[in-house]
Amino acid sequence: MGVEKKNILLGVTGGIAAYKSVELLRLLKKAGANVTVLLTDSALKFVGRTTFEVLSENPVLSDLYFDTHSSVRHIDLAARADAVIIAPATANTIAKLAWGIADNALSTTLLAVTCPVMICPSMNTDMYQNLRVQRNLDILEKDGWHILDPDSGVLACKTVGAGRLPEPWFIFDRVEAMMTQKDLSGKKILVSAGPTVEAIDPVRFVSNHSSGKMGYAIARACEKRGAKVTLVSGPVGLEPPVGVERINVETCEEMKDQMIANLDQADIIIKVAAVADYKPIDPKAGKIKKNNKTKELCLSMIETPDILKLIGKKKTKDQFLVGFAAETDDLEKNARLKIEKKNLDMIAANLVGASDSGFKADTNKVKLFFKDGSSFDIPLMEKDKVADILLDHVIEKMG
Ligand code: PMT
């Protein structure tokens, strides 16, 4: 999945946004891609060859006749490419590609590629909306190439409108999506993530350490694999995953209402949220004042609804239900008990308390347990990768 170990061609053409492709290159390299950069003559007026050469660790191709290595290097590159990104793509290059013109290293190489191609147009709004440019983009889209819509905003020419190159992280995210097999296409997936928050008074609350990273990684992976995803999220500091419908909630009751409201349409339900098991019985309307005499404050708590158990009771035989278990001990025993009690098809159990797994960390170590008694260990790895392995198992078990 994704761009790791993949051969990516990054074409850069002559626009003011060319500087952003340096950051895009950095993101691709960080993710483990082997990137070769192709620059047009106009691109070289905006950005330097050396920057791309050093960061990509590969020779840049900008001239078919004078760049060394091989006289047919563009053919070699095209044959080995797993994906091509052109960012920014000018109106001129878009026109050449639409009509099959091969008059520089980039346009000639593009005639030979057979892999997925993403075009990221970036130009003045009137140019972008020009009928000829739109017609050329239509041609490329109908040919099966991916066109990434430009952002709107203040452009270099001081125009306000569509034409700005999207941020590098966004392009990177969409490239990953383009390169991911759509094995969840047609599926609707309901994911919950993050903590819930229960008020003690208007300034204090009961919650937990969930950052939402694990649940958001799962929502992202589902979307990239072609699913339609609804993410019910407690309060977290994360951007909503691209292409995912996010519903924000605070309390367990709110999360329950949203999960139940979206349950019927879901084929797969993955409940990653860390829900407060108890909430204050009687949250105060005003701030609780300090009591210097007793030095103590007793807080009466009451159980919250168990959302997962409720879904387990309601789910149909065609729905696949995944729970998570956050444990500090007896991982296997507690996880298997939860499968029984909550009528789950699968549970992902993780030990919490360590700095590199469970709450807040970017990595996690998870053991999957299934209704049929089998299990699978996922060693410590990035939460994005854990999400993909977990989904592989969901797909396999669903048949
Ligand atoms: O968000 P991160 O910082 O990335 O951390 C990830 C995580 C540690 C939160 C995640 O990996 C995880 O373990 N989530 C489950 C946390 C949890 O509440 O575990 P639990 O064992 O208490 O609950 C078991 C299951 O019942 C969970 O699926 C939970 O969503 C659900 N539950 C619990 C209580 C309740 N009232 N309603 C529920 O639906």
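A polar contact is a pair of N or O atoms within 3.5 Å; within protein, one atom must be able to donate a hydrogen and the other to accept it, and residues adjacent in sequence count only if both atoms are side-chain atoms. By that criterion, a polar side-chain atom of Lys338 lies 2.5 Å from an oxygen atom of the ligand. This is a predicted model, in which local features need pLDDT of at least 70 and side-chain atom pairs count only at pLDDT 80 or more, while totals for chains, interfaces and linings use all residues. Residues are numbered from 1 along each chain as its sequence is written, and side-chain values use heavy atoms, with hydrogens and water left out.

**Overall architecture**

- The protein chain contains 14 helices and 19 strands; helices (H or I, at least four residues) and strands (E, at least two) are DSSP runs, numbered from the N terminus.
- Taken along the principal axes, the box filled by the C-alpha atoms of the protein chain is roughly 80 × 50 × 40 Å.
- Of the 399 residues in the protein chain, 51% are buried. Buried means under 20% relative accessible area, exposed over 50%, and partly exposed in between (1.4 Å probe, protein chains only).

**Ligand site**

- The ligand is surrounded by 29 residues, the closest being Ser210, Ser211, Ala273, Lys338 and Asn350. A residue is near a molecule if one of its heavy atoms lies within 4 Å of it.
- By class, this shell has 13 nonpolar, eight polar and eight charged residues. Ala, Val, Leu, Ile, Met, Phe, Trp, Tyr, Cys and Pro count as nonpolar, Asp, Glu, Lys and Arg as charged, and the others, Gly among them, as polar.
- Helix H10 (213-224), helix H12 (307-314), strand E16 (320-327) and helix H13 (331-342) each supply at least two shell residues. E16 gives the most, with four residues.
- The ligand sits in the second largest pocket. A pocket is defined on a 1 Å grid over the protein atoms alone, as an open set of points where a 1.4 Å probe fits, with protein on both sides within 12 Å along at least five of seven lines. To sit in a pocket, a molecule must have more than half of its atoms within 2 Å of the grid points.

**Loop between E17 and E18**

- Ser357 is in the loop between strand E17 (346-351) and strand E18 (363-370). Ser357 counts as buried because its relative accessibility is 7%.
- The Ser357 side chain reaches the backbone oxygen of Leu351 at 3.5 Å.
- Lys360 is also placed in the loop between E17 and E18. Its relative accessibility is 48%, so Lys360 counts as partly exposed.
- Lys360 has a phi near 70°, a positive value in a residue other than glycine.

**Loops between helices**

- Asn104 is in the loop between helix H5 (91-99) and helix H6 (105-112). With a relative accessible area of 18%, Asn104 is buried.
- Glu57 lies in the loop between helix H3 (49-56) and helix H4 (73-80). Glu57 counts as exposed because its relative accessibility is 61%.
- The phi of Glu57 is near 60°, a positive value in a residue other than glycine.

**Strand residues**

- Val37 is found in strand E2 (residues 34-39) and is buried, with a relative accessible area of 0%. The C-alpha atoms of Val37 and Gly11 are separated by 5.8 Å, with the two residues 26 apart along the chain.
- Phe320 is in strand E16. At 8% relative accessibility, Phe320 counts as buried.
- Phe320 and Lys397 are 77 residues apart in sequence and 9.0 Å apart in space, C-alpha to C-alpha.
- Ala87 and Pro88 are joined by a cis peptide bond, with omega about -5°. Pro88 is found in strand E3 (residues 83-89).

Terms used:
1 Å grid on protein atoms, 1.4 Å probe; cavity = no way out; pocket = protein on both sides within 12 Å on 5 of 7 lines; lining within 4 Å.
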